[in-house]
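Trainee: I would like to go through this structure and ask what stands behind each term.
Mentor: Here it is.

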Amino acid sequence: MASSMKSLVSDHSRYVESFRRFLDNSTEHQCMQQFMDEKLPGIIARIGDTKSEIKILSIGGGAGEIDLHILSKVQAQYPGVSINNEVVEPSAEQITKYKELVAKTSNLENIKFTWHKETSSEYQNRMMEKKELQKWDFIHMIQMLYYVKDIPATLKFFHSLLATSAKILITVVSGTSSWNKLWKKYGSHLHRDELCQYVTSSDLMQMLDKMGIKYECYDLLSTMDISDCFIDGNENGDLLWDFLTETCNFSTTAPPDLKAEITKDLQEPEFSVKKEGKVLFNNSLSFIVVEA
């Protein structure tokens with residue numbers, strides 16, 4: 001392994017840029033919005049019954065785009081009911097973007113926002129120090145469990161915070177996605193950051209089964225256009241390489257044989273489909289709905 005290869009997560013600014021390129025080149029957000037539009041109304045149909053205030057906890061809320069989409073669905077289901085929306089997010093930069101988005105979004109009058117700059121484990125520790133744990137009507141964890149050290153303990157803790165008829169919505173990559181194949185085959189060859197775990201919906205379902213927790217899982221197809229990865233020196237492709245491998249400057253620092261092998265695999269049918277001259281990586285997502 002080349003010593004110059006380093007974790008992408010530890011280089012925060014490059015990570016943020018590579019993540020932005022991933023969103024620009026994938027159907028990730030469209031896939032999430034499709035789920036929110038088609039499935040979420042049924043999922044939240046009973047979370048606020050007979051309640052004067054609906055309490056929502058966002059773990060890893062990021063810049064807030066998906067959060068506001070969720071909140072709009074809750075508002076539609078429970079018009080005029082007060083919503084207390086608390087956000088746990090470790091990045092000050094993301095919180096600032098979230099606040100800016102709230103400031104320019106209309107129809108949020110009945111929602112109270114509170115932001116906590118902390119990780120989910122810091123939130124958990126802070127809550128455990130209190131004598132009385134806050135109960136929530138809806139908790140969501142969108143694409144954040146990769147950054148949790150002890151996932152079963154995290155799931156157990158947040159499940160214990162659910163009020164009557166409450167739900168947790170978890171989003172992770174699907175066990176049927178190409179991420180699963182990529183991580184299994186190459187995970188040991190890449191510079192893994194202790195902050196980042198390779199986890200898919202298949203792993204989470206096993207954990208939930210073991211704990212005897214009830215859930216439902218929905219899979220939605222999503223793709224990422226990785227065509228630029230195969231053009232030498234392409235900036236967009238280089239940043240997508242970083243995102244795919246969780247490695248900073250992978251394209252220029254990886255051992256040539258490793259890069260050549262992954263390059264070949266990424267164009268194979270088990271990883272990607274070729275459509276209209278594009279190479280589309282299988283980025284399928286799972287939406288796991290956990291019941292109280």
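Predicted model: local features only at pLDDT ≥ 70, side-chain atom pairs only at ≥ 80, totals over all residues.

Mentor: Residues are numbered from 1 along each chain as its sequence is written, and side-chain values use heavy atoms, with hydrogens and water left out.

Trainee: How do you know that strand S6 and strand S12 pair?
Mentor: Two strands pair if DSSP finds at least two bridges between them. Strand S6 (residues 162–173) and strand S12 (residues 285–291) have seven bridges in the antiparallel sense, so they meet that definition. Threonine 171 stands opposite phenylalanine 287 in S12. Strands here are DSSP runs of E with at least two residues, helices are runs of H or I with at least four, and both are numbered from the N terminus.

Trainee: In what order do the seven strands of the open sheet stand?
Mentor: The order is S4-S3-S2-S5-S6-S12-S7, with mixed pairing.

Trainee: What makes S4 and S7 edge strands?
Mentor: Strand S4 (111–116) and strand S7 (215–220) each have a single partner strand, so one side of each is left without a neighbour in the sheet. From one strand to the next, the twist averages 15°.

Trainee: Which helix packs on this sheet, and which strands does it touch?
Mentor: Helix H2 (residues 28–38) touches strand S5 (136–142), S6, S7 and S12. Its direction makes about 35° with that of S12; axes are lines fitted to C-alpha atoms, for helices over the stretch in contact, and angles run from 0 to 180 degrees between N-to-C directions.

Trainee: What about the three-stranded sheet?
Mentor: Its order is S8-S11-S10 and its pairing is antiparallel. Strand S8 (223–225) and S10 stand at the edges. S10 (residues 272–275) and S11 (residues 278–282) are joined by four bridges, and valine 273 stands opposite leucine 280 in S11. These two strands form a hairpin with two residues between them. Helix H8 (residues 178–186) lies across S8, S10 and S11, at about 80° to S11.

Trainee: Which positions does UniProt mark as "binding site"?
Mentor: The unreviewed UniProt entry places that feature at Glu28 and Asn283. They are spread over 256 residues of sequence, yet the largest C-alpha distance is 7.6 Å. UniProt positions follow the numbering used here, feature names are shortened, and annotations may be inferred rather than shown by experiment.

Trainee: Why is glutamate 28 called buried?
Mentor: Buried means under 20% relative accessible area, exposed over 50%, and partly exposed in between (1.4 Å probe, protein chains only). Glutamate 28 has 3%, so it is buried. Asparagine 283 has 1% and is therefore buried as well.

Trainee: What does glutamate 28 contact?
Mentor: Contact means heavy atoms within 4.5 Å. Leaving aside neighbours within four places in sequence, the contacts of glutamate 28 include Phe22, Ser222 and Asn283. Asparagine 283 lies in the loop between S11 and S12.

Trainee: What makes a group of residues a nonpolar core?
Mentor: It is a set of buried Ala, Val, Leu, Ile, Met, Phe, Trp, Tyr and Cys residues joined through side-chain atoms within 4.5 Å. The largest has 85 residues, and Ile139, Phe158 and Ile170 have the most contacts inside it. S6 gives the most to this core, with eight residues.
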